Amino acid sequence: MKFTLISLVLLTWLSNFWNDFHFIARTNELKEEAKQTYENNEFEKTIATYHELLDSIGLEEDEIIFNLASSYFRLPDSTQLQAERYYARLTESEQHQIQSVAYQQLGQMANKAKKPQEALADLKSALLADPDNEEARYNYELLKKALAKQEQNQEDQDKDKDERQEPSEYAKKLKAIADDLVAQFKFDQALEIMQ
């Protein structure tokens, strides 16, 4: 009886050990496969592998989510919403560097989508999460300067437009009278009216 009980416990332990070993081996195999396909620019395969790690195995590591988001980001525009979704998930990360890079990527995507104010806010959040993120700082400053220049150009255009206003009706009538006088070769009178 003792032997049977010890054998049963030992078999259960060995079975659990084997399952754990198999789980770890499969996880490492999938991570390596995803790394290889990413390096080979096979992003559809990379995405499928990361989804297996996330969905089937249930591995919720920031690195996996980040790499999945980056894979979606590298594909055509139709997958950008997926990339945005996974980067947004990472903005809640405990790791400030990952949080910062996720905000930086969201800012890059917003800028690409011609949403500069949203991009600026994301880049600012990236710097708040990790003040040492030099790439985010560079992009933030560059975008901030571009927006300031764009705003100044708009103000200059508005000012020019205001300065080039249409002449009043009174001015138009005086010009018409002066034109008639010029047609009659009465240049002195036309000049007097225009002045």
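Trainee: What makes E60 and R89 a salt bridge?
Mentor: The closest N and O atoms of E60 and R89 are 2.5 Å apart. A salt bridge is a side-chain nitrogen of Lys or Arg within 4 Å of a carboxyl oxygen of Asp or Glu. So the pair qualifies, as 2.5 Å is within 4 Å. This is a predicted model: local features need pLDDT of at least 70, side-chain atom pairs count only at pLDDT 80 or more, and totals for chains, interfaces and linings use all residues. Residues are numbered from 1 along each chain as its sequence is written, and side-chain values use heavy atoms, with hydrogens and water left out.

Trainee: Which parts does the pair E60 and R89 tie together?
Mentor: E60 lies in the loop between α2 and α3, and R89 in helix α4, so the link joins parts that are 29 residues apart in sequence. Helices here are DSSP runs (H or I, at least four residues), numbered from the N terminus.

Trainee: Why is R89 called partly exposed?
Mentor: R89 has a relative accessible area of 36%. Buried means under 20%, exposed over 50%, and partly exposed in between (1.4 Å probe, protein chains only). So R89, at 36%, is partly exposed.

Trainee: How many salt bridges are there by this rule?
Mentor: The count is three. One of them pairs E61 with K31, with the closest N and O atoms 3.2 Å apart. E61 sits in the loop between α2 and α3 (62–74), K31 in helix α1 (residues 2–39), 30 residues apart. E61 is partly exposed at 29% relative accessibility; K31 is partly exposed at 29% as well. E42 bridges to K45, the closest N and O atoms being 3.0 Å apart.

Trainee: Why does Y50 count as buried?
Mentor: Its relative accessibility is 6%. That is under 20%, so Y50 is buried. Y50 belongs to helix α2 (residues 43–56).

Trainee: What makes Y50 and N67 a polar contact?
Mentor: Their side chains come to 3.0 Å. A polar contact is a pair of N or O atoms within 3.5 Å; within protein, one must be able to donate a hydrogen and the other to accept it, and residues adjacent in sequence count only if both atoms are side-chain atoms. So 3.0 Å meets the distance limit of 3.5 Å.

Trainee: Which residues is Y50 in contact with, leaving aside its neighbours within four places in sequence?
Mentor: Contact means heavy atoms within 4.5 Å. Y50 touches A34, K35, I64, N67, L68 and S71 on that basis.

Note on methods. Helix = DSSP H or I, 4+ residues; strand = E, 2+ residues; numbered from the N terminus.
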